[in-house]
Structure formats: structure tokens, C-alpha cells
Amino acid sequence: MKWRILVPLVAVLALLGVLLVGLGLDSRELPSPLVGQPAPAFSLTALEDPETRLTEADFTGEVALVNVWATWCSTCRAEKPLLMELAEKGIPIHGINYRDERAAALRYLEISDDPYRTIAYDPDGDAGMEWGVYATPETYLLDADGVIRYKRTGPLSRELIREDVLPLIDELRAEQREATS
Amino acid sequence: MTGRFPRGFWRTATALPWLLVGWLLPAGLALALAIGEPGDFDSEAEREQYQRVIRELRCTVCQGETIHESNATLAGDMRRRVYEMTRDGQSAEAIVDFMVARYGDYVRYRPPLQANTALLWASPILLLLVGGVVWWQVVRGRRGTAARPTFTAEERAVLERLRRGD
């Protein structure tokens, strides 16, 4: 008789446990297969100048962040103050302006802060597909060799920056110093 | 009769079918065209491959849909890429691998059978087994209760009295 109560009780508790864990998971966040891979190739024009061509080589050479953003993406706007803080710390941030309009993007950067060192203009989402972009903003951390070492789909947060991004940047910079000395 | 509906009710009511034909229908058509397949194909085999591959890839922003069904911008971009790669003469496997390399295994609408999806594939069978065991236990328990009752002499006497109606 004890089993008749105990077994369903344990089963129900186990199910509730699984559901509870499921509640905490973000189903939008998928592990990226690009972590550990070299920065995907692209060839786009610079946002500020349609005559200048940019490729993945313009993003690499030092430990840097690549941020995919658009003016229509309100989360990107909310995220930008954090990017400004990172830029002020001396961390290079490159941008991919994703499925946007050149004039709108330029005007947006004119009337607000601009944390980006270089910005590639990707109106058709071509580079976006190479980089596996599906939910802006997305942020990649490249090491000095241009290998993607971290990816965040969705906005960065102060906590993520403190716990993951900054420690990894320090680590990668130390790696770079070791490699060059 | 006129007091029962707000003024202008019947005018609106008679306008509804026209609204449907005049506005919703073209909107639906435009939508269908927007989702529709791009361009021409060189051969029937290419068309068939395109149609097959867009049903095998998941739209990563609208997770319950294939890129064939989805109306999202990203799904449109992915269909365009599938189209271009198909026209380029690439095989279905190459196109799916291309997407998996960028978006991960998740982009396959039917997950492949591998170590980290084994539980996913086995779960229907496991559930069936658990259900079977529970069912068997319940049936066995019932058979036990059905076999048990034999009345005592006293109970039989009472029943006999009841039947006779004393």
C-alpha cells in the first residue's frame, strides 16, 4: 500500500521538476556551432561610405567584439549604453548593420552615441546568414586570430559582461601577449 | 426594429462581405505570393529539391515552423539561399550542411539520430513501456480483487434472506 502512494508521488514530483527546469530555459537561445570557428567570410560596403569594402579581415587582428544591430531593433538600442561602456574601456567593437537602411542607421548614430570602430552594412542579410544571425542583437567575441570564442544571441547584460565577456577578454588578451612575446 | 441596433449597423453589416473580398482577399493573395517560391528552375529535379529542402529546414526565429511555412524575414532569406544554392547545382545534403554549420542541428526540422538526441528519439518507446507496465500492474491488481470475494456462511445467509425478501 505504501508503494501505491509513493510511486505516483515520486513520478509527479519528477515531472514537476522537469517542468520547472523547462521554465528556466530560454528556448530562443540555441548553442551556436560557430564558436571555435574562424570569423565567417563576407564582403560588404562600409556603412559610412558605399565605396569602401569591408571583409572579415577588417574585424580581426586583435581581441574584439562584433555586434549585429539595426535601427528597427529596439533591444539593440537598449543594449547600446553597455556597448558604450565597453568601448570606453578600450575594447574594440565592430558592427554589422543588419537588414537596415543606410540613411536611417547613419542618422541614428549621429543623434546618439556610436560605440563602433568599423561598421559593415548588410542590407540583405547576406553576412547575417554567414554569421548565423537570427535574433538581433547578437554579439561575438573574436580572439586575435579571428576565431569566434563566444557568442551571445540577444542583448548583453551587465551580469553577462561581468561574468563571461570581460574575464574571457582578459584571458584572450593574455593568450595574445604570450603568443607575440 | 430600428432601435435594436446602433445606427449604421446594417450599413456596416452589408459592407463586411465587400471588405472581405476587397481587402482581405488581396491581402491574403499578397501574403501567399510573399511566401511563395522564388524564380524559375532549370529542371524539374531542381524544383523538386528546392521544395524538399525548404520543408526540411526550420525557421530559427519562429521555431515551430519550417522555412516553407514561415513568413519571417529570416525564413525568406533562407529560402532565397536554398534557391540560389539549388540553382548553383548543389546537392540537398550540401545545402542542409551549410545551414547546420551556421545555425546548428536545430535548423533540421527532423532531428538526426545521434548521441545527444537519443533520448528524444527513444522517449516515445520509453513512455509506451512505462504505460505498459502501469497497465499490467493495474490489470493484475484488479484480477486479484475479483478473485478474492468468497462470502462467509453468515454473509450468504444474509444474502439468501434478502433474496427471499424477508
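**Chain B, elements.** I counted the secondary structure of chain B and got six helices and zero strands. Read from the N terminus, the order is α-α-α-α-α-α. The model is a predicted one, so I looked up the confidence next.

**Confidence.** For chain B I noted a mean pLDDT of 81, with 72% of the residues at 70 or more. I then went through chain B by element. Confidence is lowest in helix H1 (residues 9-35) of chain B, where the mean is 61. The highest value belongs to helix H4 (residues 92-103) of chain B, at 94. For the complex, the predictor reports an ipTM of 0.80 and a pTM of 0.72.

Chain B has 166 residues, and I find 14% of them counted as buried. I also looked up the sequence range of the contacts. Among contacts in chain B with a separation of 6 or more, 47% join residues 24 or more positions apart.

**Annotated segment.** I checked the UniProt record, an unreviewed entry, and it lists residues 118-138 of chain B as "transmembrane region". In the model, I find that this stretch of chain B, residues 118-138, is 100% helix and 0% strand. The C-alpha atoms at the ends of residues 118-138 of chain B are 30 Å apart.

**Helix pair H2(B) and H4(B).** I looked at how helix H2 (residues 44-54) of chain B packs with H4(B), and noted an angle of about 35 degrees and axes 10 Å apart. The crossing of H2(B) with H4(B) is right-handed. From H2(B), the contact uses Gln49(B), Arg52(B) and Val53(B). From H4(B), Ala92(B), Ile95(B) and Val96(B) take part. I sorted the residues of this H2(B) and H4(B) contact by class: four are nonpolar, one is polar and one is charged.

**Chain A against chain B.** How many residues of chain A are in contact with chain B? I get 13 residues of chain A in contact with 12 residues of chain B. The side of chain A that touches chain B consists of seven nonpolar, four polar and two charged residues.

**Ala70(A).** I moved to chain A and placed Ala70(A) in the loop between strand E3 (64-69) and helix H2 (74-88) of chain A. Is Ala70(A) buried or exposed? Ala70(A) counts as buried, because 23 C-beta neighbours lie inside 10 Å and the cut-off for burial is 20 or more. I listed its contacts, leaving aside neighbours within four places in sequence: Ala70(A) touches Cys76(A), Asn97(A), Tyr98(A), Arg99(A), Asp100(A) and Thr136(A). Asn97(A) is 27 residues from Ala70(A) along the chain, and I find their C-alpha atoms separated by 5.5 Å.

**Arg99(A).** I placed Arg99(A) in the loop between strand E4 (93-98) and helix H3 (102-111) of chain A. Its backbone has a positive phi of about 50 degrees, although Arg99(A) is not a glycine. Arg99(A) has 19 other C-beta atoms within 10 Å and is therefore partly exposed, as burial needs 20 or more.

**Thr136(A) and Pro137(A).** I checked the peptide bond from Thr136(A) to Pro137(A) and found it cis, with omega near -5 degrees. Pro137(A) is in the loop between helix H4 (126-130) and strand E6 (138-142) of chain A.

How values were computed:
Residues numbered from 1 in each chain as written. Chains lettered and ligands numbered in written order. Predicted model: local features only at pLDDT ≥ 70, side-chain atom pairs only at ≥ 80, totals over all residues. pLDDT = per-residue confidence, 0-100. Helix = DSSP H or I, 4+ residues; strand = E, 2+ residues; numbered from the N terminus. UniProt positions renumbered as here; feature names shortened; annotations may be inferred. Axes fitted to C-alpha atoms, helices over the stretch in contact; angles between N-to-C directions. Left-handed = near helix turned anticlockwise from the far one by under 90°. Contact = placed C-beta atoms within 7 Å. Nonpolar A, V, L, I, M, F, W, Y, C, P; charged D, E, K, R; others polar. Buried ≥ 20, exposed ≤ 12 C-beta atoms within 10 Å, placed from the backbone.
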